[in-house]
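Subject: Structure for your review

Dear colleague,

Please find below the structure I wished to pass on to you. My notes on what was found in it follow directly after.

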Amino acid sequence: MENSAHTQALDLINSQHIMTLAVAGHEQPWAAPVYYVYSSGCFWFFSSPQSVHIYNAIPGGRAAAVLHSNSSGWKDIRGLQMEGIIEPATMDADSIKAFSKYILRFGFASELLPEFIAHPSIRDFESAFRARWYRFIPGQAYFMDNSSTFGSREPVEICDTR
């Protein structure tokens, strides 16, 4: 039986679209929001290889990430806090599966490149948007939910079952 924190964490992952990545490297801390899709146990996203959050994370890839829902009061704060690594995606089956999910989830690609949608490919997307396909691989993850207690935080295992 799945615990409620695990179920709530997966619901949050699937209901949100933006993850904030935080890195501290080259003596410069930085946080940046990215559109993500969750697939094969990883959070996949596009970003410029020159962006501070990529430059500071690679090599080594250590990063923190957070997702949270909007809230208007402290009791409504729910989120997922994670530590893990950022790495360039390889062109394997997991990467291609995640890319297909990303294209379906985010319609902006068809608005910007209508001809691209007929035959989407990661390389074409990277070229058109001058971005690279990355993945955040979570290590430790904690689901936080202030509705139960202020500062409530519970470790969760997040793995993709879809």
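In the element order given here, helices (H or I, at least four residues) and strands (E, at least two) are DSSP runs, numbered from the N terminus. On that basis, the protein chain runs α-β-β-β-β-α-β-β-α-α-α-β-β from its N terminus, which comes to five helices and eight strands.

Please note that this is a predicted model. The mean pLDDT of the protein chain is 82, and 82% of its residues reach 70 or more. Confidence is highest in strand β3 (residues 37–39), at a mean of 95, and lowest in helix α4 (residues 108–112), at 66. Where pLDDT is low, the predicted coordinates should not be read in detail.

Of the 162 residues in the protein chain, 41% are buried. Among its contacts between residues at least 6 apart in sequence, 67% join residues at least 24 apart.

Aromatic residues

The structure holds twelve aromatic pairs. In one of them, the ring centres of Phe46 and Tyr102 lie 5.4 Å apart with the planes at 70 degrees; since over 60 counts as edge-to-face, the pair is edge-to-face. Phe46 belongs to strand β4 (residues 42–47) and Tyr102 to helix α3 (residues 93–105), so that this pair links distant parts of the chain, 56 residues apart. Phe46 and Tyr102 are both buried.

Phe46 also pairs with Trp133: here the centres are 4.5 Å apart and the planes stand at 35 degrees, so the pair is tilted. This pair, too, links distant parts of the chain, with Phe46 in strand β4 and Trp133 in strand β7 (residues 132–145), 87 residues apart. Like Phe46, Trp133 is buried. Phe46, Tyr102 and Trp133 belong to one aromatic cluster, whose other members are Tyr35, Trp44, Phe99 and Phe106.

Ser95 and its surroundings

Ser95 lies in helix α3. Its relative accessible area is 0%, so Ser95 is buried. The side chain of Ser95 makes a polar contact with the side chain of Trp133 (2.9 Å), and a polar atom of the Ser95 side chain lies 3.0 Å from the backbone oxygen of Thr90. Not counting residues up to four places away in sequence, Ser95 touches Trp44, Ala89, Thr90, Ile122 and Trp133. Two of these, Trp44 and Trp133, are members of the aromatic cluster described above.

Helix α5

Ile122 is also one of the buried residues of helix α5 (residues 122–129), together with Phe125 and Glu126. These residues cover an arc of only 100 degrees around the axis, which puts them on the same side of α5. The helix is followed by Arg130, whose phi is positive, near 50 degrees.

His6 in helix α1

His6 is placed in helix α1 (residues 4–15). With a relative accessibility of 12%, His6 counts as buried, because the cut-off for that class is under 20%. A polar atom of the His6 side chain lies 3.1 Å from the backbone oxygen of Glu157. Leaving aside neighbours within four places in sequence, His6 is in contact with Val156 and Glu157.

Yours sincerely

Technical notes. Residues are numbered from 1 along each chain as its sequence is written. This is a predicted model: local features need pLDDT of at least 70, side-chain atom pairs count only at pLDDT 80 or more; totals for chains, interfaces and linings use all residues. Side-chain values use heavy atoms; hydrogens and water are left out. Rings of Phe, Tyr and Trp (its six-membered ring) pair if their centres lie within 6.5 Å; planes under 30 degrees apart count as stacked, over 60 as edge-to-face and the rest as tilted. Buried means under 20% relative accessible area, exposed over 50%, partly exposed in between (1.4 Å probe, protein chains only). A polar contact is a pair of N or O atoms within 3.5 Å; within protein, one must be able to donate a hydrogen and the other to accept it, and residues adjacent in sequence count only if both atoms are side-chain atoms. Contact means heavy atoms within 4.5 Å. The arc is that of the directions from the helix axis to the C-beta atoms. pLDDT is the predictor's confidence in each residue, from 0 to 100.
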